[in-house]
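Dear colleague,

Please find the structure below, together with its sequence. My notes on two of its regions follow.

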Amino acid sequence: MLQTLYDYFWWERLWLPVNLTWADLEDRDGRVYAKASDLYITLPLALLFLIVRYFFELYVATPLAALLNIKEKTRLRAPPNATLEHFYLTSGKQPKQVEVELLSRQSGLSGRQVERWFRRRRNQDRPSLLKKFREASWRFTFYLIAFIAGMAVIVDKPWFYDMKKVWEGYPIQSTIPSQYWYYMIELSFYWSLLFSIASDVKRKDFKEQIIHHVATIILISFSWFANYIRAGTLIMALHDSSDYLLESAKMFNYAGWKNTCNNIFIIFAIVFIITRLVILPFWILHCTLVYPLELYPAFFGYYFFNSMMGVLQLLHIFWAYLILRMAHKFITGKLVEDERSDREETESSEGEEAAAGGGAKSRPLANGHPILNNHHRKND
């Protein structure tokens, strides 16, 4: 049974064009071809990424945060209450008015005290500013290095300038060490993101992020199996071209440098729209949809690869909508919050912020100067 499934999974008609077999992609005459077994190394590399990330956040990102005066904000903790805690964990984090009245009777607290308890309890679960800064610092560092490395891998290749050359000789296209390591490192990094997603900062597009990571892992893996490596390197470099800008904007936002954050975000928005909504669909997708059919009939791998590209494109449209909505607020002069993030709830009307150590000393900085009005501080 298992052998039958194995044989069917690796059936040449699923992965390769007609009249080609795996034997055509065996190493010979000094030419090396992609193999599925090459990807085994990505799992231990993903674990290595998690270890490197831990030490990076501890010894690089944390001292950098201290230099930028990013400090933990003192939060009032919700006092222990078994009744309210049980409801919070099992029924919901934001009880309705009827539920508040019921919980008030069960716990012996007033309705206002119940609401205050739930505000504090929700704030306890929100990630700290330092945690978000360290995460953004790590991703910024990787994406910047990956983009530079990716461009070094593809900029001297003829298919970078002429998309038709992506399919020249396909699938009998040998790989070179730079392509191998670019693939292994990118795939390992996305595995590490998937492994750490439960402990990373959760945003409103959490489900979309999971879909993105899974689709990316499948795309990278499949493109390696089916020797779509030339197209794969172009797609990975294209995605990395804007990601480091977003992460750098987050870092400046957490540091309170709002003007710098806003300017970088506008640049990011422009690059994102150009790369994800123009170059990707009208150049890259055209390359993977149209040019292969000039060489061979469509096969399962052709449909599968382009279907996964379609999933990514839909996610890009969704994120572009959020980005454009934020950019509109920038242009109209409104303070902007990340559309994907939850805002930390405050109880300043009752003086609790001051009791927690708030006030002028805890205000963030805008390019080194205190922000007087911080009611709409971005929390991503």
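Contact, as used here, means heavy atoms within 4.5 Å. This is a predicted model, in which local features need pLDDT of at least 70 and side-chain atom pairs count only at pLDDT 80 or more, while totals for chains, interfaces and linings use all residues. Residues are numbered from 1 along each chain as its sequence is written, and side-chain values use heavy atoms, with hydrogens and water left out.

Not counting residues up to four places away in sequence, Gln313 touches Arg276, Leu277, Leu280, Pro281 and Leu285. Gln313 belongs to helix H12 (residues 300-331); helices are DSSP runs of H or I of at least four residues, numbered from the N terminus. With a relative accessible area of 10%, Gln313 is buried (buried means under 20% relative accessible area and exposed over 50%, with partly exposed in between, for a 1.4 Å probe and protein chains only). A polar atom of the Gln313 side chain lies 3.0 Å from the backbone oxygen of Arg276.

After H4 comes Gly92, with a positive phi near 155°.

Yours sincerely

Conventions: Helix = DSSP H or I, 4+ residues; strand = E, 2+ residues; numbered from the N terminus. Polar contact = N/O pair within 3.5 Å; in protein donor to acceptor, adjacent residues only side chain to side chain.
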